[in-house]
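Subject: Structure handover

Hello,

Here is the structure for your records. My notes on the sheets, the helices and the ligand site follow below it.

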Amino acid sequence: MGAPRVERDADVIAGFLEDAAHVPGGHASGVTFPSNIAEVAAVVRESPLVLPIGAQSSLTGGATPRGGIVLSTRALGGISLVAPDLVRAGAGVTMAALQQALAPHGLYYPPVPTYEGAFVGGTIATNAAGAATFKYGSTRRWVEALTVVLADGSVLELRRRETTAHQGTLEIEVPHAGVRRVPLPTHTMPNVAKHSGGYAASPTLDAVDLFIGSEGTLGVIVEAVLRVIPRPQTTLALFPCASDDEAIAITGALREGHGGEVAAVEYMGADALGHLDDQAFHKAGISRPRDGSVLLLVQVEGAIDPFTRVLERHRVAEATNVALPGDTRSAARLFELREAVPAAINARVANAKVRVDPSIEKTAGDMIVPFARLRDSLTLYRETFAARGLDHAVWGHFSDGNLHPNVIPRSMEDVVRGREALLAIGRAVVGLGGSPLAEHGVGRNAVKQALLRQMYGDEGIEQMRRVKHALDPDWKLAPGVIFTR
Ligand SMILES: Cc1cc2nc3c(=O)[nH]c(=O)nc-3n(C[C@H](O)[C@H](O)[C@H](O)COP(=O)(O)OP(=O)(O)OC[C@H]3O[C@@H](n4cnc5c(N)ncnc54)[C@H](O)[C@@H]3O)c2cc1C
């Protein structure tokens with residue numbers, strides 16, 4: 001089968017030149033929409049430069065083309081249950097469509113990122129993680145098998161536990177193309193709930209794990225077999241805490257199991273809440289918390305009595321707003337408030353870009369530390385920004401120790417100082433046993449690429465280049481993503 005038609009119309013291409021990071025300067029010579037494995041293989045075989053994309057919800061510029069052909073995976077559909085706990089899904093299936101297809105069977109796919117429009121292929125390529133990582137881990141834990149098209153157009157069918165590395169080298173048998181020897185990086189991955197920063201490493205790495213988190217640079221993911229679970233009965237609860245310390249104490253108790261089956265605790269810092277208008281609170285049906293207070297949004301599965309007792313013990317039960325299982329309207333209201341935080345900050349950045357300087361851009365971290373160091377990390381983020389005179393806001397996935405410290409730039413100088421601050425924070429976060437690249441990947445973002453180099457050193461990046469060279473010697477796939485040539 002030949003390659004599908006490549007769309008060369010500038011108006012069509014224009015719709016694919018930007019991802020959610022809104023980095024300017026995207027360009028491509030065409031866009032194509034293969035609808036099966038053979039078509040993907042033909043596109044990759046015949047094109048010298050290919051960027052595979054999903055929903056382009058990347059926050060790191062990884063899905064922004066820099067020349068060549070954009071390979072949209074949106075026509076790679078198909079969802080089928082292949083076992084009571086396994087679903088096969090095409091790379092182009094959105095998280096929302098997957099959950100919708102699973103719901104009538106009483107099933108659920110847990111590691112869904114906050115943005116439900118993301119595709120199966122994109123979430124695997126970035127090892128995405130959602131709020132519920134605390135209970136369920138990131139995407140990596142849920143992938144049983146992958147179908148991947150390599151840079152020469154050959155098709156790999158990889159099942160977990162079938163191809164594992166021996167003494168740091170993976171030998172991957174490619175049908176009709178012999179064996180590829182892939183020397184693996186030697187770094188130790190940080191011991192935290194999520195990490196999406198460069199290629200996975202371990203002397204006995206599973207080949208499936210090499211492609212998870214490889215951000216389009218090693219192969220095009222066409223299809224995956226994912227593990228699913230019985231759909232949990234989830235209650236949502238939103239409540240204010242008088243201080244960060246109180247929020248940490250409550251989250252600590254919930255993490256230790258005192259509140260029953262808690263899947264996620266989301267945090268909105270006082271600085272972040274200060275940027276919301278009254279309307280956002282009104283829509284959620286709550287009043288604006290007192291100055292200095294923070295908000296927690298908790299997902300509890302199953303019985304909620306133990307959780308209620310924790311809230312009572314900490315004297316926050318009365319101020320708690322609850323959405324019981326099945327009350328999708330109330331749940332949507334509470335989630336909306338959580339999402340209003342990044343939306344408000346992004347709007348501020350966009351405003352400064354229009355009014356002050358078009359070079360101003362989002363300047364934000366995606367840091368994770370072991371939970372025991374969460375207090376230290378909050379102090380670190382705020383003091384590092386404050387020392388540089390930067391306005392800031394912090395929110396994120398509290399139960400994982402994963403927060404998004406954001407600069408709110410008023411000028412281009414703030415952006416420059418913010419990038420310096422993020423590099424300093426990244427260094428300190430590694431010192432706390434964490435990772436400065438938790439869930440959004442590295443992409444083409446210069447600060448994130450610098451954080452990766454800071455973490456693993458020049459030799460670490462060189463080792464990743466050797467992996468790339470073994471599987472994509474011509475640097476055909478997503479060149480410049482994760483590291484430069
Ligand atoms: C509002 C919002 C909330 C978000 N919340 C979260 C969150 O909670 N957790 C989280 O982890 N992320 C989050 N993200 C980031 C983003 O949604 C994730 O990174 C997501 O996994 C990207 O999926 P995508 O389909 O949009 O991939 P894209 O953005 O299109 O691509 C991302 C990268 O993967 C590569 N890629 C895409 N598809 C394939 C494929 N089939 N084969 C090989 N490579 C491929 C691309 O080349 C690119 O490098 C959020 C983004 C937004 C806009």
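Predicted model: local features only at pLDDT ≥ 70, side-chain atom pairs only at ≥ 80, totals over all residues.

S1 is joined to strand S2 (residues 30-32) by two bridges, and the two run antiparallel. Val 6 has Thr 32 as its bridge partner in S2.

There is also an open sheet of five strands, in the order S5-S6-S12-S8-S9, and its pairing is antiparallel. Strand S5 (79-83) and strand S9 (155-159) are at the edges with a single partner strand each, so one side of each has no neighbour in the sheet. On average, neighbouring strands here are turned by 20° against each other, direction ignored. Strand S8 (residues 143-149) and S9 run antiparallel and are joined by five bridges. Within that pair, Arg 159 in S9 is the bridge partner of Ala 145.

H2 (residues 37-46) packs on this sheet as well, touching S8, S9 and strand S12 (220-227), and its direction makes about 50° with that of S8. Helix H3 (residues 95-102) lies across S5, strand S6 (86-90) and S12, at about 55° to S5.

Now the ligand. There are 33 residues around the ligand, and those that come nearest are Pro 52, Gly 54, Ser 57, Thr 114 and Ala 129.

- Ala 55: a backbone N or O atom is 2.9 Å from an oxygen atom of the ligand.
- Thr 126: an N or O atom in the side chain is 2.8 Å from an oxygen atom of the ligand.
- Ile 221: a backbone N or O atom is 2.9 Å from a nitrogen atom of the ligand.

Taken alone, the ligand exposes 970 Å², and the protein buries 93% of that. Strand S3 (50-53), helix H4 (120-125) and S12 are the elements that give two or more residues to the shell around the ligand. H4 supplies the largest share, four residues. Sorted by class, the shell has 17 nonpolar, 14 polar and two charged residues.

Regards

Key: Residues numbered from 1 in each chain as written. Heavy atoms only, no water. Pairing = 2+ DSSP bridges. Axes fitted to C-alpha atoms, helices over the stretch in contact; angles between N-to-C directions. Contact = heavy atoms within 4.5 Å. Near = heavy atom within 4 Å. Polar contact = N/O pair within 3.5 Å; in protein donor to acceptor, adjacent residues only side chain to side chain. Areas by Shrake-Rupley, 256 points an atom, 1.4 Å probe, with all protein chains shown as cover. Nonpolar A, V, L, I, M, F, W, Y, C, P; charged D, E, K, R; others polar.
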